[in-house]
Amino acid sequence: MNDDVTQVLEIKGLSGGYGKVPILHGIEFAVAENEVVGILGHNGMGKTTLLKMLMGFLPGRVGTIRFHSTEINRMSPNERAGLGLGYVPQGRGIFPQLTVRDNLRFAWHEYAGSSESEVMESVLSDFPRLRPLMDREGGALSGGEQQLLALARCLMGDPEFLLLDEPTEGIQPSIIEEMGETLLALRKSRGLSILLVEQNFDFISDLSDRVLVLERGRITGELSKTDLSDQAKVDQFLGFGAARSTRGQANTRPDTQAAQPTSTKSQAVSATQPTAANVVTNMTIKRPTLSQMRDMANRFGMNLSDEDLEEYREIIEPYMQAYDRLDAMPDYLPEVRYPRSPGHFPNPTENLLNAWYVKTEVRGAPDGKLRGKRIAIKDTICLAGVPMMNGSSIMEGYTPEIDATIVTRMLDAGAVITGKAHCENFCLSGGSHTNAKGPIHNPWKRGYMAGGSSGGSAALVAAGEVDMAIAGDQGGSIRIPSSNCGVYGMKPTHGLVPYTGAMPIEQTIDHLGPVTNTVADNALLLEVLAGEDGLDPRQYKPTVYSYTEALGRGAHGMRIGVLTEGFGHENSEADVDGKVRQAADRFRELGARVEEVSIPEHYTAMDAWTAITLEGLQDGMMWGNSTGTNYRGLFLPSMTDHMSQWQGRADELSHSLKACMFVGEHFQRQYRGRFYGKGQNIMRLCNERYLAALKQYDLLLMPTLPIKPQPHPPADCSLSLYVQRAFEMVPNTAPFNGGLPAMSIPCGLSDGLPIGMMLVGPHYGEMKIYQAADAFEQSGDWRNM
């Protein structure tokens, strides 16, 4: 930058992040008067974090931020706004219940320099599209209109510097073009400087005087206006496929014409070449270099010359063009039906248990089975426009663009989604101590485990902050926190509830289910959740019932088998086993036939689950970036992209996940995956043994966990204690992730902490479980048992 140019914003050595999690590292750049600077990079590289620091929503640990030579590091966001900084956040941040007019009025400040009406008239002259919409609620606008409103609202404070975060996200191309023209006009008429965070390459290159490339919290390159039209230079920094494109095939850069293969051998695949109707006019996919081809050949164990590799590069060009065309197409994702705001991250005073990740309020249909029910969802589940981190710093900064199937079903039934509940780091813990934002506390005793991985869901229900919650379960993660927190948690039959739109661990053990304070609410919520959606490969024609019809039938005549192998584990606590046996006696009092039953394969099932989970998660969740292949269903490429960052940030993974990865990788590499297959076969055998017993009995009964909630390990604990606290409680829960339904029911207190009893039924036997659970609940207050 020339020395005679006036620098409006200057950043030097800026570093920081969220709590103890570093995101930005030594950021340095400046923006001149009337200059537009773009920041381009993948999701999760720190772009949004940078804007939040510049606006004062996040503190910078080190470094300085100067605005017109004034250091603003210690200023609040409103003080910075008063100086002339304007901020339009990712997700727009408008008030959906307020009209366009009231959204604009709410944003006016005295420092705008004119009266409210004068400023509003000036803003509307720049945004004529908003004039006929003034009395329409913000939530009723299209995504593009909401983004225009967010820009207009920002200008109500008459800023001279705009911070824009992903303004084209989820916007149709015509609105993107209009927005670009509006911003260029505002720059000229108002003399604005703009710092623009974007992933849309066309948009950012059209508007920006220069573009900074942000990668893993560091600025790794700068592209001038001339560089932006040179694909070779763009590829040098990020590859053309790293950014979205507005134009698709509409425009062609002179240096990106598709090369036509000329060799004789390349014609052997001419059947795959594009016809005149679908010729590639924009090569957005980065082609493999000779060096990359050689690396791949080495990994495959192939001995190929450079001449062979060059010929293969020609041969695969038609396939590359298929990817070009695929990249240019819009994705086919479910419609988001209900308006919402991105919500907010609660401060400690409104998040005493650290159970919330983000609070929001998404209102569904005006009536339905769940009318007015306030529901929290585990932060593995997609809620469009609302941040999601799955307990991990690696996923932090990701915002999904779809609602999970079960979210849509709950909203259609009249529910209110009140936010995302904290969970364990990538869900690899039955404790509640591995979340990147800190431990989740047990509502009965602070400093103790709420249980995992769905600890936030159960804690919020137990604390009365929500009516219901959704949890996930791969080894007990619905039932463990339900037991620890004294609430009702149902892991339904595998495939009964669609998993579509939730981050997986391993398809054959993934479950979603309800957590509630009463059996009746649990059955009601499952009625809304259950059934095929046509998008989840885990589902195989599930049998669905009206589960609330099981209530009130009583336990008289039911046959309950008390599983001998569910008691007396190495770490079993006597008071836990004792309380659960007392609960079994109560069923006798209620008229059930209760008998001991032995299934030695219960221990074997734990070993089979270990192989399935650890090898499966390494193959699908880690190397497959939570997506994998070889199945049909709904895929979310944005989630895949964000998850892929773990490969450059593996040190940030939790100790419990690292331990699992070592085992999974070893057995996949050294034993070729044979034990995964054997584990699946043995789990099938174990299920046959359970089902044989369930022909004699309606249900099996045992402790949900062998132990009561344990204290959180200290921050400086050994790796061994950290991992022990993550997995010590699963010997009864994990065996039933082979597919059978199982529910944790609170059955007593000891040392002021809840104890849970688990009931297990046959496939699609949820009705029997609810019948028995309701009879037990109605027999007396479990707290006094």
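Lys-373 is partly exposed in this predicted model, because its relative accessible area is 22%. The side chain of Lys-373 meets that of Asp-521 in a salt bridge, with N and O 3.3 Å apart. Since Asp-521 lies in helix α15 (residues 519–529) and Lys-373 in the loop between β11 and β12, the pair ties together parts that are 148 residues apart in sequence. Asp-521 counts as buried, because its relative accessibility is 16%.

**Other salt bridges**

- A search of the whole structure finds 40 salt bridges, and one of them joins the side chains of Arg-340 and Asp-403 at 2.8 Å, N to O.
- Arg-340 lies in the loop between α11 (317–328) and β11 (356–363), while Asp-403 lies in the loop between β12 (374–378) and α12 (405–412), so this pair ties together parts that are 63 residues apart in sequence.
- Arg-340 and Asp-403 are both buried.
- Arg-479 forms a salt bridge with Asp-473, where the closest N and O atoms are 3.0 Å apart, and both of these residues are buried.
- Salt bridges that share partners join Glu-573, Asp-575, Lys-708 and Asp-751 into one network.

**Around Glu-573**

- Glu-573 is found in the loop between β19 (559–563) and α16 (574–589), and it counts as partly exposed because its relative accessibility is 21%.
- Leaving aside neighbours within four places in sequence, Glu-573 is in contact with Pro-706, Ile-707, Lys-708 and Gln-710, and its side chain makes a polar contact of 3.4 Å with the side chain of Gln-710.

**A nonpolar surface patch**

- Phe-300, Met-302, Leu-304 and Tyr-312 form a nonpolar patch on the surface, with about 390 Å² of accessible area together.
- Phe-300 lies in helix α9 (residues 290–300) and counts as exposed, because its relative accessibility is 55%.

Terms used:
Residues numbered from 1 in each chain as written. Predicted model: local features only at pLDDT ≥ 70, side-chain atom pairs only at ≥ 80, totals over all residues. Heavy atoms only, no water. Patch = residues over 30% accessible without salt bridge, like charges linked within 9 Å, V, L, I, M, F, W, Y side chains within 5 Å. Areas by Shrake-Rupley, 256 points an atom, 1.4 Å probe, with all protein chains shown as cover. Salt bridge = Lys/Arg side-chain N within 4 Å of Asp/Glu carboxyl O. Helix = DSSP H or I, 4+ residues; strand = E, 2+ residues; numbered from the N terminus. Buried < 20%, exposed > 50% of the residue type's maximum accessible area, 1.4 Å probe, protein only. Contact = heavy atoms within 4.5 Å. Polar contact = N/O pair within 3.5 Å; in protein donor to acceptor, adjacent residues only side chain to side chain.
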